[in-house]
Amino acid sequence: MANVQQHVKQWKHNRELVALIPSTHPDWIVTTAFYTALHAVDALLAFDNVTRITCHKDRNMAVMQINRYIKIRNPYLTLHDLSRKVRYLADPGAWVPAGVIEKDVLSGSLYPIENSVQKLIGQDLELGRITLVIPPKATGSASSPAATD
Amino acid sequence: MSSSNIKKKPNVRRKPIRIREDHDADRPVVLHSTSDDLFIRTGKQVIESCRLSIGIEVWLDEFKSMTDYIKTWSADRPSIRACFCAPQGAKVVLFFVPRSAHFDFELANELADLNAQLLKDFSYVGMVEVGQVPWAEIDRFVDIDSARYICGERPTACQAVET
């Protein structure tokens with residue numbers, strides 16, 4: 001069973017990836033944000049010696065039934081639901097528009113989980129806000145070889 | 001004694017057949033059905049079957065109470081377009097369709113509260129998972145034909161893309 005620090009390491013590792021995914025791919029930002037939150041929650045569960053968590057169902061049950069995790073519950077369940085569905089959609093951008101990532105996915109869901117976990121495990125990881133990658137706009141036809149014909 | 005004679009005997013005068021778990025656990029019990037099927041069970045199996053039947057009845061009652069509660073809960077929330085329910089492995093999954101074409105974060109917050117409440121108030125049902133699915137791609141997640149309709153609009157079968 002992984003310990004707190006191993007989960008913290010993977011939490012930060014996944015978090016770094018969130019910042020590298022272009023905002024044109026909100027579905028994968030959501031998915032990576034969820035797995036960032038998952039390791040934050042697993043760090044907390046390891047800290048509290050909550051064992052026998054072997055699947056999402058067990059983890060969700062723990063998050064819902066342990067009063068100490070009340071501030072984590074709603075944002076975690078929201079991210080879980082969102083990430084489990086968005087990957088299978090033919091039009092994920094309609095379900096999770098890029099415009100909601102900063103406000104609802106990061107500020108509204110991931111950060112509250114991270115802040116609460118840090119308090120509960122007594123560690124300040126000095127996590128900054130995630131700066132999303134905004135890809136440069138696709139070059140117009142003026143710069144494409146075809147346009148110079 | 002012929003079977004016709006047995007049928008004529010009024011039930012009130014007949015002694016019950018008693019199966020005691022402590023004495024009859026290994027005792028064979030032979031059951032003759034009217035369709036000539038013959039069932040041979042041990043006393044223990046007969047008692048376990050009765051327990052299971054009671055368990056299923058209690059589960060169904062609690063499940064019905066839960067779906068009634070969800071129906072009322074949903075009626076107060078105009079952001080909900082429809083709700084369906086389906087078993088998924090050992091859990092019951094509730095699929096809520098928001099009225100918006102995108103994931104509704106405010107509704108998600110309320111659904112998380114609902115999820116925790118259902119686990120607490122309808123614990124006999126077991127694990128319940130609550131989530132949102134888009135109307136336009138509902139059939140990616142729910143088999144509408146076999147899912148239990150709870151409330152709201154009903155999509156047409158095999159709906160692939162909203163028009």
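Modeller: Let us begin with a definition, since contact means heavy atoms within 4.5 Å. Not counting residues up to four places away in sequence, Leu44(A) touches Arg68(A), Tyr69(A), Ile72(A), Val117(A), Leu120(A) and Ile121(A). This is a predicted model, in which local features need pLDDT of at least 70 and side-chain atom pairs count only at pLDDT 80 or more, while totals for chains, interfaces and linings use all residues. Residues are numbered from 1 along each chain as its sequence is written, chains are lettered from A and ligands numbered from 1 in the order in which they are written, and side-chain values use heavy atoms, with hydrogens and water left out.

Colleague: Why is Leu44(A) called buried?

Modeller: Buried means under 20% relative accessible area, exposed means over 50%, and partly exposed lies in between, with a 1.4 Å probe and protein chains only. Leu44(A) has a relative accessible area of 1%, and therefore it counts as buried. Leu44(A) is found in helix H2 of chain A, where a helix is a DSSP run of H or I with at least four residues, a strand is a run of E with at least two, and both are numbered from the N terminus.

Colleague: What makes Arg52(A) exposed?

Modeller: The relative accessible area of Arg52(A) is 75%, which is over 50%, so Arg52(A) is exposed. Arg52(A) sits in the loop between H2 and H3 of chain A, and its phi is near 60°, a positive value in a residue other than glycine. Glu126(A), placed in the segment after H6 of chain A, also has a positive phi, of about 50°, although it is not a glycine. With a relative accessible area of 70%, Glu126(A) is exposed as well.

Colleague: What makes a group of residues a nonpolar core?

Modeller: A nonpolar core is a set of buried Ala, Val, Leu, Ile, Met, Phe, Trp, Tyr and Cys residues joined through side-chain atoms within 4.5 Å. The largest one here has 58 residues, of which Ile72(A), Tyr76(A), Val105(A), Leu106(A) and Ile113(A) touch the most other members. Its largest share, twelve residues, comes from H2(A). Apart from that core lies another, of 20 residues, among them Trp73(B), Val92(B), Phe96(B) and Val125(B).

Colleague: How do you know that there is a cavity, and what is its volume?

Modeller: Rolling a probe the size of a water molecule over the atoms shows where empty space is left. On a 1 Å grid over the protein atoms alone, a cavity is a set of points where a 1.4 Å probe fits but cannot get out, and lining residues have an atom within 4 Å of a point. Grid points are joined across faces, edges and corners, and a volume is the space filled by probe spheres set on the points. A search of the whole structure finds one cavity of 30 Å³ or more, and the largest cavity has a volume of about 100 Å³.

Colleague: Which residues line the largest cavity?

Modeller: The lining includes Asn60(A), His80(A) and Asp81(A) from chain A, and Glu129(B), Val130(B) and Gly131(B) from chain B. Helix H4 (70-86) of chain A, and helix H4 (105-121) and strand S5 (128-132) of chain B, each supply at least two residues of that lining.

Colleague: Why is the pair His80(A) and Asn60(A) called a polar contact?

Modeller: A polar contact is a pair of N or O atoms within 3.5 Å; within protein, one must be able to donate a hydrogen and the other to accept it, and residues adjacent in sequence count only if both atoms are side-chain atoms. The side chains of His80(A) and Asn60(A) come to 3.4 Å, which is within 3.5 Å, so the pair meets the distance limit. His80(A) lies in helix H4 of chain A and is buried, with a relative accessible area of 3%.

Colleague: What does the side chain of Asp81(A) reach in chain B?

Modeller: The side chain of Asp81(A) reaches the backbone nitrogen of Gln132(B) at 2.8 Å. Another polar contact, of 2.5 Å, joins the side chains of Asp81(A) and Lys85(A). Asp81(A) has a relative accessible area of 8%, and therefore it too is buried.

Notes
On a 1 Å grid over the protein atoms alone, a cavity is a set of points where a 1.4 Å probe fits but cannot get out, and a pocket is an open set with protein on both sides within 12 Å along at least five of seven lines; lining residues have an atom within 4 Å of a point.
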